[in-house]
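Hello,

Here is the structure I promised to hand over. My notes on it follow below.

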Amino acid sequence: MSPIVATRPTPGTPRPYDFPPFERTRLANGLSVIAVHIPGRELISATLLLRNGAAGEPAEHAGATVMAARALSEGTERYDAIALTEATERLGASLHAEAGWDALSAGVDVPVSRLGAALELLAEMAGRPTFPESEVERLRDERLNDLLQARADPRRRVEEAFSATIFSAASPYHRPAGGRRETVHGLDPAALRAAYRRGFDPARMTLIVGGDLVGIDVPALSADLFGGWSAAAEAAPSDPPIADPALSERLVRVVHRPGAVQTEIRIGHIGMARRIPDFHAVSVMATILGGLFNSRLNMKLREEKGYTYGSGASFDLRRAPGPFAARAAVNTEVTVPAIVDMLGELTRMRDARVTDGELRGARDFLIGVFPLRFETPGPVVGALAGIVTHDLPDDELKRYRPSIEAVTVDDVQRAAVEHVLPDRAAIVLVGDADAFAAELEAAGVGRVIIEREGMAPTDDSSPPDAGAGPIEGAPESDRADVD
């Protein structure tokens with residue numbers, strides 16, 4: 001038999017790491033080019049970033065930007081969808097495109113020996129898309145079917161209901177980035193083309209190329225393929241998204257799901273934008289609260305109470321303030337005790353100073369996993385795309401580890417007091433309201449609204465998303481900017 005280990009292993013000392021240096025140039029037409037040399041990484045990753053995300057589209061065309069990104073590879077002036085796929089496969093490459101709230105990106109991954117030909121395909125896909133009607137119709141039908149399927153997914157339903165509860169109807173964040181049924185129905189090639197061309201301005205584009213770039217003149221190659229582009233007539237910078245709150249006090253919103261054996265819980269409010277002076281303190285604070293297995297929320301709800309397999313909390317940092325949410329899925333019979341404990345941990349995060357051990361554990365985790373995120377060119381290019389999207393300084397990633405290391409107990413306390421606001425939180429539930437409604441009312445955690453299929457809410461006032469129709473599904477929580 002193996003000997004029993006008497007003490008748990010402890011984390012080692014984080015190894016030195018420097019984010020790869022990169023060089024910026026600008027083409028004559030205004031397009032920015034970033035080249036990041038990563039020795040020994042011969043699978044090159046290249047991304048063209050357009051700063052027009054779903055947050056900037058008209059409300060009546062919600063979902064057009066996400067669908068436009070997906071339609072880029074479905075046909076160009078030179079290739080139809082099949083021919084483009086075949087040309088890409090002959091290079092051993094992978095073309096892809098996606099859009100989120102803040103930006104749209106088109107990219108390619110390819111062996112370094114075929115970079116030139118792959119970038120030519122990327123320029124074709126991003127510069128001359130045709131948005132074929134048959135392909136747009138197929139993508140539209142896929143999204144509509146996805147919305148139908150989402151009605152059976154409590155996690156997706158609670159995510160959409162949560163966003164619609166905390167953000168005002170004037171905010172694009174009030175709805176899913178991929179659009180609702182009533183807007184997706186009307187999307188056609190013209191709407192997708194308009195959504196895409198809104199951001200087609202080389203002066204607001206950035207091409208990022210990462211990998212082993214020895215002997216490759218990335219700016220010259222970029223100028224040959226992208227230097228002749230000019231701004232579309234429809235191109236215009238988007239205003240910062242509206243992120244106004246819909247609530248000023250705590251509210252409980254229940255989406256009734258008869259017979260559900262579990263309740264999906266979201267507790268939170270509007271958080272903050274990515275560009276904030278206390279980003280590193282917030283990162284450490286959120287890790288202690290709900291970012292680790294031994295976070296305060298998980299230790300309370302899973303380890304101490306046994307309510308759930310896992311509980312956590314996070315801030316979704318966008319160009320404008322995104323949501324902050326604590327999350328858990330619990331058995332129906334412990335719904336109300338779990339809510340009370342979650343609120344208690346949010347309050348304790350503000351009131352009880354973290355211990356030196358909690359601080360050290362969170363800092364060591366963030367510092368330790370940071371290099372692991374950048375073992376291949378793709379994540380390196382993605383991190384640089386984040387710097388561009390959020391107008392962050394070039395040394396942001398170089399400063400990350402020392403800035404995390406410098407966070408103190410006082411910094412964490414200050415971040416919690418400023419950014420965790422349980423008294424203004426929305427509590428959004430998807431579960432069997434009949435099983436816990438009386439207990440929920442008795443708990444007094446906030447004004448309760450119960451929404452049942454085809455029936456008016458039980459509260460006398462209108463629900464936060466009145467007039468938006470039934471809940472039709474929301475983006476996956478870990479891909480909220482895409483779906």
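**Notes on the model**

Just after helix 16, glycine 444 takes a positive phi of about 65°. This is a predicted model, in which local features need pLDDT of at least 70, side-chain atom pairs count only at pLDDT 80 or more, and totals for chains, interfaces and linings use all residues. Residues are numbered from 1 along each chain as its sequence is written, and side-chain values use heavy atoms, with hydrogens and water left out. Helices (H or I, at least four residues) and strands (E, at least two) are DSSP runs, numbered from the N terminus.

Helix 16 covers residues 433–443. At its start, a side-chain oxygen of aspartate 432 comes to within 3.1 Å of the backbone nitrogen of aspartate 434. Ala433, Phe436, Ala437 and Leu440 are buried, meaning under 20% relative accessible area, where exposed is over 50% and partly exposed lies in between (1.4 Å probe, protein chains only). Seen down the helix axis, these buried residues fall within an arc of 135° and so line one face of helix 16; the arc is that of the directions from the helix axis to the C-beta atoms. Asp434, Ala438 and Ala442, on the other side, are exposed. The cover over the buried residues includes strand 7 (251–256), helix 11 (335–351) and strand 12 (447–451).

Strand 12 has four of its five residues buried, so it is largely enclosed by the rest of the structure. Strand 7 and strand 12 run parallel, joined by five bridges; strands count as paired if DSSP finds at least two bridges between them. Valine 254 stands opposite isoleucine 450 in strand 12.

Val254 and Leu440 are also among the residues with the most contacts inside the largest nonpolar core, which has 73 residues. Such a core is a set of buried Ala, Val, Leu, Ile, Met, Phe, Trp, Tyr and Cys residues joined through side-chain atoms within 4.5 Å. Its largest share, eight residues, comes from helix 9 (residues 279–290). Leaving aside neighbours within four places in sequence, valine 284 is in contact (heavy atoms within 4.5 Å) with residues including Leu359, Leu366, Ile404 and Val412. Another core, of 72 residues, lies apart from the largest one and has Leu91, Ala106, Leu144 and Ala325 among its members.

Finally, six strands form an open sheet of mixed pairing, in the order 1-2-6-3-5-4. Strand 1 (22–26) and strand 4 (94–99) are its edges, each pairing on one side only. Strand 3 (residues 43–50) and strand 6 (residues 205–211) run antiparallel, with six bridges between them.

Regards

Key. Polar contact = N/O pair within 3.5 Å; in protein donor to acceptor, adjacent residues only side chain to side chain.
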